[in-house]
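Welcome, and please have a look at the model shown here. A short tour of its fold and surface follows.

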Amino acid sequence: MMMRMTWLISGINRRMMKLLVALALIAYIASVWGTYTNMRSIQEQGEIRIDQKIDEAVAPLREKIHDLELTVSQKYPPVKFLSEKDRKRILITGGAGFVGSHLTDKLMMDGHEVTVVDNFFTGRKRNVEHWIGHENFELINHDVVEPLYIEVDQIYHLASPASPQTTCITPSKH
Ligand SMILES: NC(=O)c1ccc[n+]([C@@H]2O[C@H](COP(=O)([O-])OP(=O)(O)OC[C@H]3O[C@@H](n4cnc5c(N)ncnc54)[C@H](O)[C@@H]3O)[C@@H](O)[C@H]2O)c1
């Protein structure tokens, strides 16, 4: 009888042990799964934060690129097409001045290649800025008192301080 009782108890204990081991295993798996899902959510949050930071850093660059695209696609005044034979390479000294800038407009719109040489003594870059970047146009900041070697077909020499006051200040440049 005693033997049977001991066997019964040890049988129950064995079952209990198995049950406890199974429960411990389940608890362990659950904790590992919890840690894994936690790490995943931390990682995802981190990725979202990194994405946000990248977006914040890239936003001003996007705006700059947009501005540059607008500059590149700048519209020039309409220019006639001239064949290679008819298109002349023309140098205008003082091309950023009053007379020179209007002559620049006329010759550019006629389809010629225009090089403006000016030291901006009385002229201003803004007088010809609407041509800057055009393939037929070149602006050189240069004082015509100094030599300049350039291959052209025609020269209009308008570089001159036009007003009487400047004539007195810089007589050598007339
Ligand atoms: N404006 C008029 O009504 C008129 C009339 C008849 C003749 N002109 C003559 O036309 C010429 C140009 O007159 P404007 O009214 O256009 O004068 P402007 O001052 O507007 O233009 C002269 C240009 O020459 C540039 N320049 C001056 N000295 C230079 C140098 N050493 N190197 C490079 N560039 C230089 C100036 O920066 C300016 O852009 C002058 O010789 C003037 O006497 C003008």
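In which helix is the place of Leu-20? Leu-20 sits in helix 1.

## About the model

This is a predicted model, in which local features need pLDDT of at least 70, side-chain atom pairs count only at pLDDT 80 or more, and totals for chains, interfaces and linings use all residues. Residues are numbered from 1 along each chain as its sequence is written, and side-chain values use heavy atoms, leaving out hydrogens and water.

## Overall fold

The protein chain has three helices and four strands, taken as DSSP runs numbered from the N terminus (helices H or I, at least four residues; strands E, at least two). From the N terminus on, their order is α-β-α-β-β-β-α.

Of its 174 residues, 21% count as buried (under 20% relative accessible area; exposed is over 50%, partly exposed in between; 1.4 Å probe, protein chains only).

## Surface patches

Glu-47 belongs to helix 1 (residues 2-72) and is partly exposed, at a relative accessible area of 41%. Together with Asp-51, Asp-55 and Glu-56, Glu-47 forms a patch of negative charge on the surface. Patch residues have over 30% relative accessible area and no salt bridge, with like charges joined within 9 Å and nonpolar side chains (Val, Leu, Ile, Met, Phe, Trp, Tyr) within 5 Å; a salt bridge is a side-chain nitrogen of Lys or Arg within 4 Å of a carboxyl oxygen of Asp or Glu.

Leu-20 is one of the residues in a nonpolar surface patch of about 720 Å², which also includes Met-16, Met-17 and Ile-26.

## A buried serine

Ser-101 lies in helix 2 (residues 98-109) and is buried, because its relative accessible area is 6%. Beyond neighbours within four places in sequence, Ser-101 contacts Gly-95, Ala-96, Asn-127 and Val-128 (heavy atoms within 4.5 Å).

Terms used:
Areas by Shrake-Rupley, 256 points an atom, 1.4 Å probe, with all protein chains shown as cover. Lys, Arg positive; Asp, Glu negative; His and termini not counted. Charge placed at Lys NZ, Arg CZ, Asp CG, Glu CD.
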